[in-house]
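Trainee: Please take one part of this model and go through it closely with me, loops and packing included.

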Amino acid sequence: MAGDTKKKAQQKVKDSATGVEVAVPQPPKRLSAYQIFVQQQRDATKAANPAANSQEILGILAKAWNGTGADERAKLEKDADEDLETKKKMWAVGEDIREAERLRVCKALDMSDKTTWASLYEKVVERNEKLGRPASPRSSKSTYKPPPKPDAASIKKSRQWATAFQGQTRRKAVLSGLDAIAALSSDQANFDQFGNDAIQCFYDVARATEDPVRANALMFVEQLAHKWRHRILSRGWRSSGRPTPQQILETIVGLYCLERVGVSAPKLKEDVVHAVTLTGPDADDSLKPYSCKDYFGWDPVHDATVPEGVAEVLSGEAVTVYRTLCNSLIHAFYAERASINIGCGYADVLAKVATLRPYKSHGELPWESYVDQAYLITHVVFTLNNWGELALEPELLPHEHLFIRENLGVAVRGSVRRSTSE
């Protein structure tokens, strides 16, 4: 049985003739209680033993496992069952994606769209053997020629993770990170607060990388997008009467995320447009549409500079000029991409970035302002390169490029994980 399991886990092959890869999807497997224990205790054990290497950490965990009692192990078995159920739900959600991928592979290999994953794998293995087999020994002269070596472009496209620096280690880390974000998003309280961020995170990862990370990210993003739309349509996006600027901004972000992943919500969008423009059911001659100052706390069109101490619309707290401009830049980007006019455009806000250049070092600003400045700089780049999808020439953003190059070490040494990851 163990041999069969190992064999199935290795059902992945690339067609020599076309370069098309066939990776037979494998349903989720139940982790053992010990594996769950290691997952739960690894981070705390690393923190308690910072000088220990990976093998030493595993040794410490093994000793700790031997000291667990029956009750604790019973709880871990239950945790393993719950973990499997969560994975099964995610697996079920991805059925459409797996079917679409199977049809794509069938078409690319010029095979019937009825061909199963198992048959695809077997036929490609058989085809590769025929292509790579030398001429018969009865022939006096072999005509066999090895396939040409792939060029740099094909290697980059099909073997991105295999050729990257520590590619396999990084691939595993990214896949583990995606699973962790998906697990956090399964908590309703987390999803209510960060659902939009999770959807965008998965989509951006899918756009910027190759399989298998891309496939996992797409599976999660479709699940969360439909979940967000269902929640909004069932519970409503406005509390009562006229929605607040905060409610409008949050819903615009959600609409942007849905439209990026191809999930339609036309009635919701129409309702938001009516609320922004005071038309349709929201028409009221006694009211004026919200201005960009209502949305951002300042007016990017008429204010010469970004004012200090603006109250953040989403939290109500007074923030730095860098945070104010960053928030405005992000929300103006979302609104423009969702084709919703909130009184000013992305270009109006972007133009104000020049008023904060040249950027300052960590010795010239309070730490909070320095971190907010770094966050602004990364989001200038993100909104211009469509969140990592496009490549920008450093010459286009010399100030931002210089700051990131010179200050990355500051974020790393200061253990500012958010700034470092941005």
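Mentor: Helices here are DSSP runs (H or I, at least four residues; strands would be E, at least two), numbered from the N terminus. The model is predicted, so local features need pLDDT of at least 70 and side-chain atom pairs pLDDT 80 or more, while totals for chains, interfaces and linings use all residues. Residues are numbered from 1 along each chain as its sequence is written, and side-chain values use heavy atoms, leaving out hydrogens and water.

Start in the loop between α5 (95-108) and α6 (117-132), where Asp110 sits. Asp110 isn't a glycine, yet its phi is positive, about 60°. At a relative accessible area of 72%, Asp110 is exposed (over 50%; under 20% is buried and partly exposed is in between, with a 1.4 Å probe and protein chains only).

Now jump to Asn386, in the loop between α17 and α18 (398-413). Asn386 also has a positive phi of about 60° without being a glycine, but at 11% relative accessibility Asn386 counts as buried.

Two other loops have cis peptide bonds. One joins Asp211 and Pro212, with omega about 5°, and Pro212 belongs to the loop between α10 (188-208) and α11 (213-235). The other runs from Arg357 to Pro358, with omega near -5°; Pro358 is in the loop between α16 (346-350) and α17 (367-384).

Next, the helix pair. α12 (residues 245-260) packs on α15 (residues 321-337) at about 55°, with the axes 9 Å apart (axes are lines fitted to C-alpha atoms over the stretch in contact, and angles run from 0 to 180 degrees between N-to-C directions). That makes α12 oblique to α15 (under 35 degrees is roughly parallel, over 145 roughly antiparallel, 65 to 115 roughly perpendicular, the rest oblique).

On the α12 side, Leu249, Ile252, Val253, Tyr256 and Glu259 meet His331, Phe333, Tyr334, Ala335 and Arg337 of α15, contact being heavy atoms within 4.5 Å. Those contact residues split into seven nonpolar, one polar and two charged (Ala, Val, Leu, Ile, Met, Phe, Trp, Tyr, Cys and Pro are nonpolar, Asp, Glu, Lys and Arg charged, the others, Gly among them, polar).

Tyr256, Phe333 and Tyr334 turn up again in one aromatic cluster, which also includes Tyr346, Phe382 and Trp387. Rings of Phe, Tyr and Trp (its six-membered ring) pair if their centres lie within 6.5 Å; planes under 30 degrees apart are stacked, over 60 edge-to-face, the rest tilted. A search of the whole structure turns up 14 such pairs.
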